[in-house]
Amino acid sequence: VLPSAPSKIWFRNRFIRDGIYQAIYEKMKSDPSIYLFGEGSNMKVHFDAPYIEKDFPERIMTLPISEDGNTNFAVGTSLVGVKPIVDVISSDFLFRTMDSICNTAAKLNHVSAEIDEPKTIVIRSEFFLGGPTTGQRIESLFTHIPGLNVILPSNPRDARGLMKTALEQPGVSLFFEDRMISDTETKEADKDTGVTDKIPFGLAKVRKTGSRLTIVSYAITARLVESVVDEHEIDCDLIDLRSLYPLDLDTISESVSKTGRLMVVEPDVTFAGTGAEVCAGVVERCFSDLRKPVVRLGAPRMVTPASLGLHGNVLPPRSEILRVAKELMA
Amino acid sequence: LTTELDLYKRMVTIRILEDEFQKLCLLGEAGDLHFNKGQEAISVGACAALEPTDYIVTHHRTIAHSIAKGVPMRPLVAELLGKSTGINKGMAGEMHLRFPPVRYMFSFQLVGTCVPVAAGLAWAVKNFLKERNIVACFFGDAATGNGQAHEGLNIAAVRRVPLLLVCENNGLAGNVRKEYYQPTKTVAERAAGYAIEATTIDGNHIPEVVEAVKTAAKVVRETSRPYLVEMDTTRLCVRGETLVLGDNLPISAYQVGSTAAGLHGLGKVTKTFRRPFSGKLTRVKGRGLMPMEVTPEHPILSCRSITSRAKGSNHRIVGFTPLVWKSPREMVEKKMQKDGDYLVIPRFEGNIVTAELDLTQFVRTARGLHVMQTKGSKLKLELNQELAWLLGLYVAEGFKVADEGFRLALNQNEKDIVRRVQKVTKELGYSMSIIKSKISRGITLRVYATTLARGLAEWFGQGAAKKNIPDFILFHKNLQLVRAFVEGYAEGDGHRTKSGYIETTTTSKVLVAQLQLLLARLGYIGHAYTLDVDESQIRGRRIAARTAYRLRWRESPTKSKRQANQHVFKNYILTPVDIVEDVEYSGEVFNLETEDNTYLVSNAVVHNCWHKQGQPDARPKEELAELAKRDPILFEEERLRLSAAQKQKISDTIHTEILEAIESARREPFPKFVTQPQR
């Protein structure tokens with residue numbers, strides 16, 4: 001039975017995390033080489049996925065607060081065939097382990113090319129709204145590094161399917177989850193039924209079809225946009241990217257060719273972000289189909305405020321999303 | 001297992017391979033490579049001591065480790081040249097080599113990365129593969145300045161992984177000296193912070209490496225705990241052109257059995273060392289001495305002044321600390337009003353008691369002997385003060401003329417000298433003539449003594465730049481003779497300056513150094529300088545040589561300002577350190593081992609080899625161990641008693657193999673450039 005979701009930020013998003021752990025549990029049963037490493041992993045698993053703790057206690061390992069060393073440690077284990085999942089608790093800690101991810105893990109498979117089994121490494125991390133260095137968005141940084149996949153599901157079902165792929169497919173995947181996503185607003189259809197098939201990377205999901213506008217979004221903003229669109233019955237295609245690299249430009253450009261209008265809503269700062277990449281791709285592929293200039297909405301260029309009272313200013317507001325969508329369709 | 005000769009061959013392979021690749025780098029055929037020269041014993045010894053099934057993870061100087069672990073030559077060479085037939089299909093380059101078939105698991109360009117990765121690998125070997133194999137991680141001492149190394153040590157200790165940490169300590173981080181990145185004396189001390197056991201051994205001594213790694217590997221295997229072996233490769237040496245008195249040759253020309261002057265006089269050279277060096281040497285300049293350039297750890301005999309700090313009194317040196325061996329990096333320049341370090345110029349006692357010079361060996365023909373006998377010239381010359389004076393004068397002004405004798409070039413003013421020469425030569429039974437120059441004020445004294453002239457040329461060297469003082473003067477017990485010799489030399493070459501110095505100029509570096517020691521024996525402090533090219537004149541005559549050296553000293557006991565800080569003691573003279581600075585150098589460096597464990601560089605006493613301050617000289621197996629300080633390969637050659645032919649044969653075989661590998665790799669194609677999709 002899944003826990004009910006209290007409304008506080010810290011306890012939201014149980015569903016997505018559950019999707020992830022369900023996938024890990026499922027894969028662990030069939031693949032003895034999957035291990036979980038991270039700061040305080042034992043405790044996290046104890047609370048979030050007691051079934052893993054029960055069945056595979058020896059495959060969970062708590063490591064010290066040394067993110068860089070931990071990721072490299074995991075890379076070391078992968079050299080003899082372990083498929084490590086490294087839990088880097090908060091996205092800010094990823095800066096600490098940037099070197100081991102970008103310099104060591106990302107290069108691993110490239111370097112040993114065809115002489116050895118390509119390695120599978122998953123690095124998990126979370127976004128949330130906490131403060132200047134508590135939960136900041138850094139997903140776009142990793143999309144720039146060759147050798148990394150960047151995954152960001154917006155609902156439990158996707159999370160489960162994508163995590164299964166991450167654990168099967170060789171390569172280094174950064175698997176993010178948005179802790180701000182509210183469990184109570186998760187649709188029944190998006191909940192993890194436990195029989196989800198794996199979802200390949202680089203395949204965006206068209207969550208809603210329409211004819212007059214294409215809205216591209218991911219993670220928390222995908223949920224935000226969806227609720228706005230549902231509320232105001234906007235006639236649009238809503239595309240949830242799910243993976244930032246590889247990026248599913250085919251689905252996007254197909255939709256834009258149909259609607260002629262593009263709006264990208266992202267939770268990150270727009271400058272040099274994923275939205276920029278999407279817009280550039282659309283302009284390259286279907287410039288002639290565009291009837292209006294593309295629009296990007298995103299977080300203001302500002303550090304995340306620590307004050308709870310200011311957290312509401314970080315994501316693009318519902319009213320702004322609605323206004324821009326209507327303006328584009330006018 | 002592998003024999004010692006195999007290990008030697010492996011080291012030679014690494015050396016030759018790196019040398020060949022260095023050439024390829026210069027030719028632009030290979031990219032930027034990182035070499036391991038002089039540290040071959042560590043990788044080869046450690047890999048030999050490990051089981052073949054043990055794993056290794058290394059740092060960015062990979063060639064040595066891959067050869068040591070047994071990566072096949074041809075694919076390795078192809079990989080280093082970026083060819084598709086390489087061990088990593090040409091994708092790894094030099095610094096990311098990876099060859100799991102021989103359990104060479106990975107190498108990392110970024111310093112420190114290898115430690116946590118090796119910790120993870122060791123954990124997985126134990127807990128995932130459930131093998132009894134261990135993992136050896138090679139890293140440099142400089143890596144311990146990096147957080148990753150510490151995180152790795154921490155995790156390894158906490159998780160009790162079977163990890164053998166091999167620290168290659170060369171006291172260098174790139175080109176940065178140890179004191180700038182490491183506060184502890186050893187890396188082993190740092191391991192204590194993680195409750196990791198550690199030992200420090202001599203990393204250039206391959207049997208020691210093998211033994212230490214075997215012991216450590218056993219501990220790791222049995223207890224499943226990390227263990228650190230620190231391989232000290234600290235290097236002590238001087239540059240090849242450094243003049244060493246004794247045989248009066250550059251140090252690079254010294255051989256076992258040569259004679260070198262040390263703290264206690266002459267001694268035999270028992271070992272010689274050479275190795276490549278690239279980085280910073282330390283230049284130490286003692287007042288009045290020529291600067292010396294030594295590796296930063298090279299121990300130099302020195303002491304520090306103790307200054308009176310009594311209130312109201314002037315700055316006054318009241319004493320000196322006892323003499324100790326100190327590395328130049330620890331030295332403090334002696335500045336006004338402050339305490340600083342002093343170098344030691346020895347005052348030899350002199351142990352040679354030659355009473356007469358035997359010319360028999362210089363007699364070439366029976367006729368010559370007959371002539372000498374009829375003319376009444378002596379075959380055995382009594383070495384008295386007069387003769388010593390003449391010898392001094394000869395060193396200053398004399399030269400040999402074949403089939404005639406020797407000549408002395410003087411000035412017409414120097415009538416006293418002419419008279420004294422006449423007197424001495426007459427006593428010896430030689431005739432002499434005086435030739436006045438028509439164009440200058442010079443006069444030439446021709447002494448008709450062919451046999452003696454041959455002797456002089458033999459003893460004192462021929463040609464101005466090769467003049468030197470033979471041991472029977474330099475170390476003669478009778479100081480009166482020494483004084484007479486110096487007088488003779490000074491009268492010939494020197495002149496008095498207004499400030500009361502006697503100043504001489506010569507083109508022979510050896511002579512300047514020897515004279516300085518002679519003066520020290522007399523209790524005088526000689527100041528030696530190198531002159532600029534423009535000044536290369538000796539008493540108005542231009543000289544052909546490029547460099548000239550000036551030596552000046554004072555006979556009066558009153559000290560000049562510059563001498564104020566020099567102190568004459570019974571057995572040595574202390575001279576303050578004026579300058580300690582770094583100089584970039586890349587090339588070969590050398591060292592000697594001598595009977596009394598010292599030799600002289602720029603007339604200051606330096607230690608012949610490393611032994612820690614306060615420790616007695618004698619360590620067991622010291623000879624071998626000290627030799628290993630220089631070049632592990634030379635050491636093995638010596639230890640295994642390889643003949644020149646054997647060495648040649650081994651190196652030729654290996655060289656051929658390497659050249660063939662390079663040649664065949666050259667013909668191989670580059671790998672395909674496979675890319676990921678842009679989006």
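Contact here means heavy atoms within 4.5 Å. In the predicted model, the buried residues of helix α18 of chain B pack against α1 (4–27) and α4 (73–80) of that chain. These buried residues are B:I650, B:I654, B:I658, B:A661, B:I662, B:S664 and B:A665. An α-helix has 3.6 residues a turn, so residues three or four places apart point the same way. Helix α18(B) comprises 24 residues (644–667) and should span 34 Å at 1.5 Å a residue; this agrees with the distance of 34 Å between its end C-alpha atoms.

B:I662 is also a contact of B:F21, whose other partners beyond four places in sequence are B:A30, B:L33, B:F35, B:V77, B:L80 and B:L81. The largest nonpolar core has 142 residues, and B:F21 is among those with the most contacts inside it, together with A:F142, B:L163 and B:L164. Helix α5 of chain B (residues 114–127) gives the most to this core, contributing 10 residues. A second, separate core contains 98 residues, including B:L245, B:L390, B:L445 and B:V601.

In chain B, the loop between β21 (398–401) and β22 (405–411) holds B:E404. Because its relative accessibility is 14%, and buried means under 20%, B:E404 counts as buried. Apart from neighbours within four places in sequence, B:E404 is in contact with B:R446, B:V447, B:Y448, B:A449 and B:T450.

Chain A has a mean pLDDT of 90, with 95% of its residues at 70 or more. Over residues 1–10 of chain A, however, the pLDDT is below 50, and this stretch has 15 contacts in the model beyond near neighbours in sequence. Where pLDDT is low, the predicted coordinates should not be read in detail.

Definitions and conventions
Residues numbered from 1 in each chain as written. Chains lettered and ligands numbered in written order. Predicted model: local features only at pLDDT ≥ 70, side-chain atom pairs only at ≥ 80, totals over all residues. Heavy atoms only, no water. Helix = DSSP H or I, 4+ residues; strand = E, 2+ residues; numbered from the N terminus. Expected span 1.5 Å × (residues − 1). Buried < 20%, exposed > 50% of the residue type's maximum accessible area, 1.4 Å probe, protein only. pLDDT = per-residue confidence, 0-100. Core = buried A, V, L, I, M, F, W, Y, C linked by side-chain atoms within 4.5 Å.
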